[in-house]
Amino acid sequence: MKTKEITMIGLMTAITCIAGPLSLPLPFSPVPISLTNLAVYFSVYMIGMKRGTISYCVYLLLGLVGIPVFSAFTSGPAKLLGPTGGYLVGFLFMAVIAGWFVDRWNGKPLPSFIGMVIGTVVCYGFGTVWLAYQAKLGFGAALAAGVLPFVIGDVAKMVLSILVGMPVRVRVKKAAMTD
């Protein structure tokens with residue numbers, strides 16, 4: 001990897017580490033409103049599938065070794081094994097899927113948005129199954145607690161990441177910081 005690529009991966013990891021802990025707990029759900037997915041959407045939109053996914057993996061590893069970068073400034077393997085761990089794993093697949101769409105259609109807004117939606121649905125699947133298992137809920141109850149309250153906000157995050165990302169992506173490419 002070139003120094004420029006490593007720099008962009010580090011920058012996107014830092015953005016995720018700053019955004020990830022910022023969360024709003026919901027009284028009816030063990031899943032908080034988090035900005036982690038916004039950071040992942042933005043990362044893959046800015047630097048593509050491969051680098052965006054690496055960026056998220058670095059974030060995940062930082063959290064697993066004890067740096068408080070997960071929601072509500074938490075960290076460690078217990079967080080990954082807890083009720084919201086499925087979403088943390090699901091974000092990895094979300095990065096790959098959304099990033100593939102961004103790369104395949106060169107950051108065009110509609111295909112990028114579609115990729116983000118598909119990636120988020122996969123993430124929701126991982127999160128819901130794990131939440132149901134950990135919290136001993138039925139699938140419907142886990143879906144109601146871990147997905148339904150977040151759909152509108154997550155769509156807004158996708159749109160925001162594309163709207164903010166489009167001009168920044170152009171400038172980053174002009175500066176030859178990415179392919």
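Select helix H4 (residues 85-104) and helix H5 (residues 109-135) in this predicted model. They pack at about 160°, axes 7 Å apart. Helices here are DSSP runs of H or I, at least four residues, and strands are E runs of at least two, numbered from the N terminus. Axes are lines fitted to C-alpha atoms over the stretch in contact, and angles run from 0 to 180 degrees between N-to-C directions. H4 and H5 are therefore roughly antiparallel (over 145 degrees). Show the residues of their contact: 19 nonpolar, nine polar, no charged. Ala, Val, Leu, Ile, Met, Phe, Trp, Tyr, Cys and Pro count as nonpolar, Asp, Glu, Lys and Arg as charged, the others, Gly among them, as polar.

Next, select Val 31, Pro 32, Ser 34, Tyr 87 and Phe 91. Of the 23 residues lining the largest cavity, these lie nearest its centre. A cavity is a set of points on a 1 Å grid over the protein atoms alone where a 1.4 Å probe fits but cannot get out; lining residues have an atom within 4 Å of a point. Strand E2 (29-34), helix H2 (36-64), H4, H5 and helix H7 (151-174) each supply at least two lining residues. The lining holds 13 nonpolar, seven polar and three charged residues.

Last, pick Glu 5 and Arg 51. Their side chains form a salt bridge at 3.0 Å, N to O (Lys or Arg side-chain nitrogen within 4 Å of an Asp or Glu carboxyl oxygen). Glu 5 sits in helix H1 (residues 3-19) and Arg 51 in H2, so the pair ties together parts 46 residues apart in sequence.

Numbering starts from 1 along each chain as its sequence is written, and side-chain values use heavy atoms, without hydrogens or water. Local features need pLDDT of at least 70 and side-chain atom pairs 80 or more, while totals for chains, interfaces and linings use all residues.

How values were computed. Parallel < 35°, antiparallel > 145°, perpendicular 65-115°, else oblique. 1 Å grid on protein atoms, 1.4 Å probe; cavity = no way out; pocket = protein on both sides within 12 Å on 5 of 7 lines; lining within 4 Å.
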